Amino acid sequence: MTNNKHHRLIILGSGPAGYTAAVYAARANLKPVVITGLEPGGQLTTTTDVDNWPGDIEGLMGPALMERMKKHAERFNTEIISDHIRTVDFSRRPFVLQGEHTYTCDALIIATGASAQYLGMPSEKAFMGKGVSACATCDGFFYRNQKVVVVGGGNTAVEEALYLANIASHVTVIHRRDKFRAEKILADKLISKTQGGNVHIEWDCVTEEILGDNSGVTGIRIKNVKTGASKQIEATGAFIAIGHKPNTDIFANQLDMVNGYITIRSGLEGAATATSVPGVFAAGDVADHVYRQAVTSAGSGCMAALDADKYLDSLQTTTQAAAEVSK
């Protein structure tokens with residue numbers, strides 16, 4: 001890869017949104033370049049079983065799915081570059097991206113995803129994908145009729161617990177405070193399930209350690225922050241629901257964002273994935289704080305590619321018209 005190489009379209013990120021955008025852009029003869037980032041394949045590379053990808057009735061492993069998507073993009077001659085972009089400049093045209101090398105482009109699709117926030121314990125990392133998860137809608141199915149715990153007290157945690165209550169035999173919610181930070185209507189709905197239901201809440205408690213063996217998670221040890229007392233809770237699944245952080249730091253002060261998520265101006269000039277900067281589009285978890293599913297990310301990647309194609313076509317038409325006028 002040479003320095004200062006120009007491309008019509010660059011796609012930042014190599015998750016479902018990025019690779020889907022690449023497939024559609026390549027088929028439109030845009031000759032896209034995918035810059036993978038620090039975590040090629042995105043969050044799915046840390047997921048073991050993927051059982052909700054349409055068409056794969058037997059299920060498959062997250063890394064395998066991402067490898068298939070990568071090969072699909074490569075089949076249409078997408079150029080895939082292993083680099084991590086550290087700074088961007090949208091104030092000039094073409095756009096400038098700086099990583100190990102410098103890149104310029106006429107249009108950009110941001111598909112850098114989001115990162116689930118974890119507690120940071122070694123035991124949590126040890127059982128990642130073996131009972132520890134950050135997505136109930138992704139992995140809850142595997143804990144049908146089993147005991148699980150949910151760590152957190154915001155909207156994410158309460159929503160995860162409500163979802164799991166319909167699948168697991170018992171759900172224990174662990175929250176460090178004596179009341180939820182979640183919206184009251186959600187909190188009340190969950191609390192109502194503690195009265196004769198299958199939900200129990202451990203108030204004023206923090207997680208000390210995830211417990212397990214070669215088979216995976218077997219429980220969790222918690223400590224009451226007021227009394228100092230510790231106890232173990234039996235569980236085969238531990239869902240860490242303390243929020244997600246979109247990977248958008250490098251776009252601060254250059255794109256409109258809310259709580260770190262890129263603002264999509266759906267419908268702007270016919271584009272559903274347009275950002276506040278013409279020619280820059282966003283797809284997947286960088287702009288989606290609600291669904292955060294592989295299939296919705298892939299769908300938005302398709303939309304971003306089509307939007308970018310339309311933008312580049314209009315750009316070329318404008319350039320040609322200007323050239324005609326100057327003759």
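**View A. Lysine 223 stands opposite serine 230 in β16.** This is a predicted model, in which local features need pLDDT of at least 70 and side-chain atom pairs count only at pLDDT 80 or more, while totals for chains, interfaces and linings use all residues. Residues are numbered from 1 along each chain as its sequence is written, and side-chain values use heavy atoms, with hydrogens and water left out. Strand β15 covers residues 216-224, and strand β16 covers residues 230-234. The two pair in the antiparallel sense, over five bridges. Strands (E, at least two residues) and helices (H or I, at least four) are DSSP runs, numbered from the N terminus. Strands count as paired if DSSP finds at least two bridges between them.

**View B. β14, β15 and β16 form an open sheet of three strands.** The order is β14-β15-β16, with antiparallel pairing. β14 (205-213) and β16 are the edges, each with a single partner strand, so one side of each has no neighbour in the sheet. From one strand to the next, the twist averages 25 degrees. Angles run from 0 to 180 degrees between N-to-C directions of axes fitted to C-alpha atoms, for helices over the stretch in contact.

**View C. Valine 217 is found in strand β15.** Is valine 217 buried or exposed? Valine 217 counts as buried, at 6% relative accessibility. Buried means under 20% relative accessible area, exposed over 50%, and partly exposed in between (1.4 Å probe, protein chains only). Phenylalanine 127 is 90 residues away along the chain, yet its C-alpha atom is separated from that of valine 217 by 6.6 Å. Leaving aside residues up to four places away in sequence, valine 217 touches Phe127, Lys130, Gly131 and Val132 among others. Further contacts of valine 217 include Ile210, Leu211 and Gly212, as well as Ala235, Thr236 and Gly237. Contact means heavy atoms within 4.5 Å.

**View D. Helices α5 and α6 cross at roughly 35 degrees.** The axes of α5 (residues 155-165) and α6 (residues 184-192) come within 10 Å. The crossing of α5 and α6 is left-handed (the near helix is turned anticlockwise from the far one by less than a right angle; clockwise would be right-handed). Which residues meet? From α5 come Asn155, Val158, Glu159, Ala161 and Leu162. From α6 come Leu186, Ala187, Lys189 and Leu190. The residues of this contact divide into six nonpolar, one polar and two charged. Ala, Val, Leu, Ile, Met, Phe, Trp, Tyr, Cys and Pro count as nonpolar, Asp, Glu, Lys and Arg as charged, and the others, Gly among them, as polar.

**View E. Leu186, Ala187 and Leu190 are buried in α6.** They lie on the same side of α6 because they cover an arc of only 100 degrees around the axis (taken from the directions from the helix axis to the C-beta atoms). On the other side of α6, Lys184 and Ile185 are exposed. The buried residues of α6 pack against α5, β12 (170-174) and β13 (199-202).

**View F. Five strands form an open sheet with parallel pairing.** The order is β10-β17-β11-β12-β13. Edge strands β10 (132-133) and β13 each pair on one side only. β12 and β13 run parallel, joined by four bridges. Threonine 172 stands opposite histidine 200 in β13. α5 lies across β11 (147-151), β12, β13 and β17 (237-240). α5 runs at about 170 degrees to β11.

View G. Most residues other than glycine have a negative phi, and most peptide bonds are trans. The peptide bond from arginine 93 to proline 94 is cis, with omega near -5 degrees. Proline 94 sits in the loop between β6 (87-89) and β7 (95-98). Asparagine 29 is not a glycine, but has a positive phi of about 60 degrees. Its loop runs between α1 (16-27) and β2 (33-35). Asparagine 29 counts as exposed, at 61% relative accessibility. Asparagine 253, also not a glycine, has a positive phi of about 70 degrees. The loop of asparagine 253 lies between β18 (244-246) and β19 (257-258). Asparagine 253 is exposed, with a relative accessible area of 84%.
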